[in-house]
Amino acid sequence: MTSARSLRVPGIAYGGDYNPEQWPEEVWAEDMRLMREAGVTMVNVGIFSWALLEPSEGVYDFARMDRILDLLHANGIAADLATPTAAPPAWFFRAYPGSLPVDRDGRTLSYGSRQTFCPSSPAYRRAALCIAGALAERYAEHPAVAMWHVHNEYGCHNAACYCDTSAAAFRIWLRARYTDDLDALNHAWGTTFWSQWYYDWEEILPPRATGAPPNPTHQLDWRRFCSDELLSLCTAERDSLRRAAPDIPATTNLMVLRTFDALDYWRWAPELDIVSNDHYLMSDDPESDIDIALSADLMRSLAGGPWMLMEHSTGAVNWQPVNRAKHPGEMRRNALANVARGADGIFFFQWRAAKAGAEQWHSAMLPHAGTDSRIWHDVVRLGADLDALAEVRGSTVDAQVAIVWDWDARWALELPSQPSGELRFQDLVRDWYTPLWRAGVAVDFVRPDADLDRYRLVLAPSLYLVDATGAANLAGFAERGGTLAVGFHSGAVDENCHVRMGGYPGAFRDVLGVRTDELFPLLPGQTLRLTGQVPADASATLWSERIRLTSAEPVAFFADGPLAGTPAVTRHTPGSGTAWYLATRPDPATLSALMDRIRKDADVQPVLSAAPHGLEVVRRSGTDADYLFLIDHAGAGAEVPADGVELLTGKPVCGTVTVPAGGVAVVREPH
Ligand code: GAL
């Protein structure tokens with residue numbers, strides 16, 4: 001929340017999506033009473049209200065929204081007022097059937113759900129800007145409105161549309177990227193391959209379903225286009241809101257999830273006054289606390305400081321095959337873990353559990369069971385917790401370690417026709433993030449071309465695609481004295497997905513002091529033993545490659561398989577720094593041991609020298625004080641050296657703070 005337009009809601013904002021239009025108005029008074037009881041300070045309203053706000057084209061009915069905003073204001077609750085553009089009404093699609101999205105296989109999808117519109121549809125853009133503009137004009141001066149919530153989760157259900165309108169928009173985007181030079185596109189895409197050469201821009205289509213694999217660069221440019229196309233809708237709406245209300249900050253809720261990779265948020269975040277995230281637990285993730293932390297650290301990095309958690313859940317969601325409920329205390333730990341990593345607002349989907357509609361089995365702050373429920377009790381408690389943490393707002397996390405995160409690299413890695421179809425960017429990043437999380441080491445995420453000078457250690461767990469600038473930036477960091485570690489199959493291709501010739505890992509051969517002449521991906525289930533400076537039972541999966549050392553020293557070797565005796569992990573000292581290469585995916589214990597050694601090279605210390613197992617440790621730094629967050633995931637409780645005041649209980653801390661089993665402590669440490 002570093003923009004000039006900041007949120008004028010005090011402390012750590014607290015609330016959720018509020019959909020009063022789904023309820024008779026008699027219920028609203030109870031909503032207000034209970035929101036006050038829970039300490040709710042802001043709610044997100046109007047997100048899916050288009051059909052009620054604009055019953056027919058150009059005819060607005062704001063009476064209900066007037067009453068909602070007045071009521072919120074009378075109760076001292078701020079509104080994050082949404083443009084309802086994620087759910088166009090049925091009348092819109094009947095009038096503009098060409099705005100329905102078409103999938104890869106050419107099927108036109110129907111309305112009757114949400115986000116079924118083509119991002120390139122001119123009719124959709126016009127209609128969205130009209131309703132956004134009308135809302136902005138009507139409510140720019142309304143005292144309840146503290147923030148604009150543009151759309152909802154861009155691209156969640158319609159990240160790509162393959163219709164003819166989208167094809168035309170794609171061509172316009174390509175003409176801009178290749179400065180109207182079709183030969184440049186042909187060279188960038190390598191279209192001499194399989195007779196794909198284009199003689200006319202009109203020949204170019206979206207990567208619709210084909211029998212054999214499509215061209216990789218075509219697909220990569222398509223991903224870039226799809227992200228930019230939605231971003232242009234977002235900034236157009238934002239601008240119409242700003243015209244009417246120049247001082248009200250605008251956000252749109254991003255989504256950093258393992259299952260969502262459609263948008264390049266490095267391009268999105270700078271367009272937002274406040275960066276916000278939606279994060280949900282996957283029921284099949286046994287360590288979702290790590291996923292929360294990774295997502296939160298990435299958000300703080302995108303925001304360049306504090307941010308908001310715009311959605312998470314009090315309990316189970318309703319969109320996974322089986323939806324796991326949260327364990328006792330888990331919701332509180334989840335929420336406070338986000339605060340620990342820079343969230344200055346904690347929100348849920350949604351306030352009141354729905355009676356009807358596709359999300360009737362989704363948890364909420366106020367469950368179907370009402371206030372006589374564990375969830376309600378926990379929601380009230382969390383409100384009090386956040387109130388007690390008000391002074392934490394604005395403080396940030398200082399990290400000495402950066403992990404390179406790049407959406408181009410992610411998209412390219414997961415294209416078909418790779419040496420292995422088993423490579424998943426976020427899993428590979430999480431592998432390396434996990435030991436740092438366990439050790440309580442703060443981490444930022446950075447682009448490959450970021451200013452790295454403030455870091456001691458930079459990790460690139462997976463950077464298949466990198467341009468020359470990014471590669472030189474990372475190499476320069478190591479040469480100037482930093483410690484760099486690079487994961488397998490990195491540096492392999494340039495920004496056009498063209499292989500760097502002369503051996504792998506392409507762009508990083510020199511800085512790593514290695515040269516690989518052949519890749520040996522492992523089959524699912526296949527394991528190789530590792531020897532050398534690794535634990536006795538070290539093993540690896542997923543990947544191996546035949547490395548020749550040019551100037552690096554070996555740290556570990558493959559012990560079996562066709563590469564037995566060749567290096568699997570190497571260390572090099574280019575210039576005045578150190579550069580590690582991990583040419584395989586070591587088992588978690590081995591990776592953790594390696595990460596400890598890599599950290600030693602970089603002299604990176606954790607927040608606590610020896611954190612008990614399962615204790616998440618993060619420090620937020622403020623102007624007058626630091627805030628030590630201690631979150632017990634192991635259920636064992638902990639005694640931790642600290643001095644100051646424990647904010648959740650208000651008790652002074654002299655020498656040691658007790659973290660209750662499964663609980664949280666936050667110690668204000670005065671400077
Ligand atoms: C989000 C969405 C919300 C709600 C929620 C359910 O993706 O923004 O509107 O659907 O998921 O988990």
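## A loop between β13 and α16

Cys497 is placed in the loop that lies between β13 and α16. In this model, which is predicted rather than determined by experiment, the phi angle of Cys497 is near 70°, a positive value in a residue other than glycine. The loop between β13 (483–487) and α16 (509–512) also holds Pro505, and the peptide bond that leads from Tyr504 to Pro505 is cis, with omega near -10°.

Another cis peptide bond runs from Phe349 to Gln350, and its omega is near 0°. Gln350 belongs to the loop between β9 (343–348) and α12.

## The chain as a whole

The secondary structure of the chain comes to 17 helices and 26 strands. Taken along the principal axes, the box filled by the C-alpha atoms is roughly 75 × 75 × 45 Å. A compact globule with 671 residues would have a radius of gyration near 26 Å, and because the chain has 26 Å, its value agrees with that expectation.

Strands of a sheet pair through backbone hydrogen bonds, and they do so either parallel or antiparallel. In this chain, 10 strands form an open sheet with mixed pairing, and their order is β11-β10-β12-β13-β20-β19-β18-β15-β16-β21. The edges of this sheet are β11 (443–446) and β21 (585–586), each of which pairs on one side only. Within the sheet, β13 and strand β20 (residues 578–582) run parallel and are joined by five bridges, and Thr483 stands opposite Thr578 in β20.

Helix α17 (residues 588–602) packs on this sheet and touches several strands, including β12, β13, β15 (528–532) and β20, while its direction makes about 170° with that of β20. Helix α14 (residues 425–439) lies across β10 (401–404), β11, β12 (457–460), β13, β20 and β21, and runs at about 170° to β10.

## The sheet of five strands

An open sheet of five strands has the order β22-β23-β26-β24-β25, and here the pairing is antiparallel. Its edge strands, β22 (615–621) and β25 (651–659), each pair on one side only. When direction is ignored, neighbouring strands of this sheet are turned by 25° against each other on average. Strand β24 (residues 638–646) pairs with β25 in the antiparallel sense over nine bridges, and Pro641 stands opposite Thr656 in β25. Helix α11 (residues 330–340) packs on the sheet, where it touches β22, β23 (625–632) and β26 (664–670), and its direction makes about 150° with that of β23.

Gly614 is found in the loop between α17 and β22. Although Gly614 and Gly662 are 48 residues apart in sequence, their C-alpha atoms are 9.8 Å apart in space. Leaving aside residues up to four places away in sequence, Gly614 touches Ile631, Asp632, His633 and Ala634.

## Helix α11 beside helix α12

Helix α11 also packs with helix α12 (residues 374–388), at an angle of about 25° and with the axes 10 Å apart. Angles under 35 degrees count as roughly parallel, and α11 and α12 are therefore roughly parallel to each other. The crossing in which α11 passes α12 is right-handed.

On the side of α11, the contact is made by Met331, Arg332, Ala335, Leu336 and Val339, which meet Asp378, Val379, Arg381, Leu382, Asp385 and Leu386 in α12. The residues of this contact between α11 and α12 divide into seven nonpolar, no polar and four charged.

## Helix α5 beside helix α8

The axes of helix α5 (residues 122–139) and helix α8 (residues 216–244) come within 8 Å and cross at roughly 25°. By the reasoning used for the previous pair, α5 and α8 are therefore roughly parallel to each other. Here too the crossing is right-handed, as α5 passes α8.

Which residues of α5 and α8 meet? From α5 come Tyr124, Arg125, Ala128, Leu129, Ala132, Gly133, Ala136 and Glu137, and from α8 come Glu229, Ser232, Leu233, Ala236, Glu237, Ser240, Leu241 and Ala244. The residues of this contact of α5 with α8 divide into nine nonpolar, three polar and four charged.

Methods. Residues are numbered from 1 along each chain as its sequence is written. This is a predicted model: local features need pLDDT of at least 70, side-chain atom pairs count only at pLDDT 80 or more; totals for chains, interfaces and linings use all residues. Side-chain values use heavy atoms; hydrogens and water are left out. Axes are lines fitted to C-alpha atoms, for helices over the stretch in contact, and angles run from 0 to 180 degrees between N-to-C directions. Helices (H or I, at least four residues) and strands (E, at least two) are DSSP runs, numbered from the N terminus. Angles under 35 degrees count as roughly parallel, over 145 as roughly antiparallel, 65 to 115 as roughly perpendicular and the rest as oblique. A crossing is left-handed if the near helix is turned anticlockwise from the far one by less than a right angle, and right-handed if clockwise. Contact means heavy atoms within 4.5 Å. Ala, Val, Leu, Ile, Met, Phe, Trp, Tyr, Cys and Pro count as nonpolar, Asp, Glu, Lys and Arg as charged, and the others, Gly among them, as polar. Two strands pair if DSSP finds at least two bridges between them. The radius of gyration is taken over C-alpha atoms; the globule rule is 2.2 Å times the number of residues to the power 0.38.
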